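Here is a friendly walk through one protein model, going from its strands to its cores and charged pairs. Have the structure open as you read.

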Amino acid sequence: MSNLLILGAGGHASVVAEAALEAGLASRIAFLDDCSSQSVLGWPVLGPLEQSLEPSIKARFPSALVAIGHSALRLRLLAELQAAGYLLPQLNHPTAWISPSAQIGPGTVVFAQAAVQSQTVIGRGVIVNTGCSVDHDSQLCDGVHICPGARLAGEVFVGARSWIGIGASVIQQVRIGSDVTVGAG
């Protein structure tokens, strides 16, 4: 276990923090956020996002995740963190099920009760949210967000930065482009 820096301090960040603790990914957590200076779950908000590039912060927190919903910003911040030498772990909640043949990119989070099936490929900075499922041979490109309870059938392709709404169902072999929003339900 190590110290983990989380960029963002909203509701999504609190879920990331709790999942990191449950998964044993971190023993100490701190946040950076441009809009909030209040603690999150008792862990400190150290200052604005730009402080992630300060050597003193990196020395204390060698691993970092971005817990910001906006996909393009999340991906930009992940690239900056990687360039600065941070480790970008993959975070899997202990109650998620991930096929051993699935491939998951750095900075991706898979939350409680989610399922990722055989031969699925998931890019960087993806959010596989609570209770959703991604079936066999699917591909989620960088920055995708699969919202809680969404269901993707087999061989689904989701382009970069797209958003699949809460409870949505996507039938097999559908291709969804980049920067697309699929509505709830």
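Strands here are DSSP runs of E with at least two residues, helices are runs of H or I with at least four, and both are numbered from the N terminus. Two strands count as paired if DSSP finds at least two bridges between them.

A word on the ground rules: this is a predicted model, in which local features need pLDDT of at least 70 and side-chain atom pairs count only at pLDDT 80 or more, while totals for chains, interfaces and linings use all residues. Residues are numbered from 1 along each chain as its sequence is written, and side-chain values use heavy atoms, leaving out hydrogens and water.

Back at the sheet, strand 7 is joined to strand 10 (residues 121–122) in the parallel sense over 2 bridges. Here isoleucine 104 stands opposite isoleucine 122 of strand 10.

Buried means under 20% relative accessible area, exposed means over 50%, and partly exposed is in between (1.4 Å probe, protein chains only).

Strand 1 runs parallel to strand 2 (residues 26–32), and 6 bridges join the two; leucine 4 has isoleucine 29 as its bridge partner in strand 2. With helix 1 (residues 11–22), these two strands make a right-handed β-α-β unit: with the strands pointing away from the viewer, the path from the first strand over the helix to the second runs clockwise. Strand 1 also pairs with strand 4 (residues 63–66) in the parallel sense, over 4 bridges, and there leucine 7 is partnered by valine 66.

## Nonpolar cores

The largest nonpolar core has 22 residues, and those with the most contacts inside it are Val128, Leu140, Ile146, Leu152, Val158 and Ile164. Such a core is a set of buried Ala, Val, Leu, Ile, Met, Phe, Trp, Tyr and Cys residues joined through side-chain atoms within 4.5 Å. A second, separate core holds 19 residues, including Leu4, Ile6, Phe31 and Ile127.

Which residues does valine 158 touch, not counting residues up to four places away in sequence? They are Gln139, Leu140, Cys141, Val144, Leu152, Ile164 and Ile176, where contact means heavy atoms within 4.5 Å.

## Cysteines

The structure holds 0 disulfides, a disulfide being a pair of cysteine sulfur atoms within 2.5 Å. Cysteine 132 has its closest cysteine sulfur in cysteine 147, at 8.6 Å, which is too far for a bond. Cysteine 132 is buried, at 1% relative accessibility, whereas cysteine 35 is exposed at 78%.

## Salt bridges

The count comes to 2 salt bridges, defined as a side-chain nitrogen of Lys or Arg within 4 Å of a carboxyl oxygen of Asp or Glu. One of them links glutamate 80 and arginine 76 (2.7 Å, N to O). These residues are 4 apart in helix 3 (residues 71–83), about one helical turn. Glutamate 80 is partly exposed at 29% relative accessible area, and arginine 76 is partly exposed at 44%.

Arginine 161 forms a salt bridge with aspartate 179, with the closest N and O atoms 2.7 Å apart. Arginine 161 lies in the loop between strand 16 (157–158) and strand 17, and aspartate 179 in the loop between strand 19 and strand 20 (181–182), so the pair ties together parts 18 residues apart in sequence.
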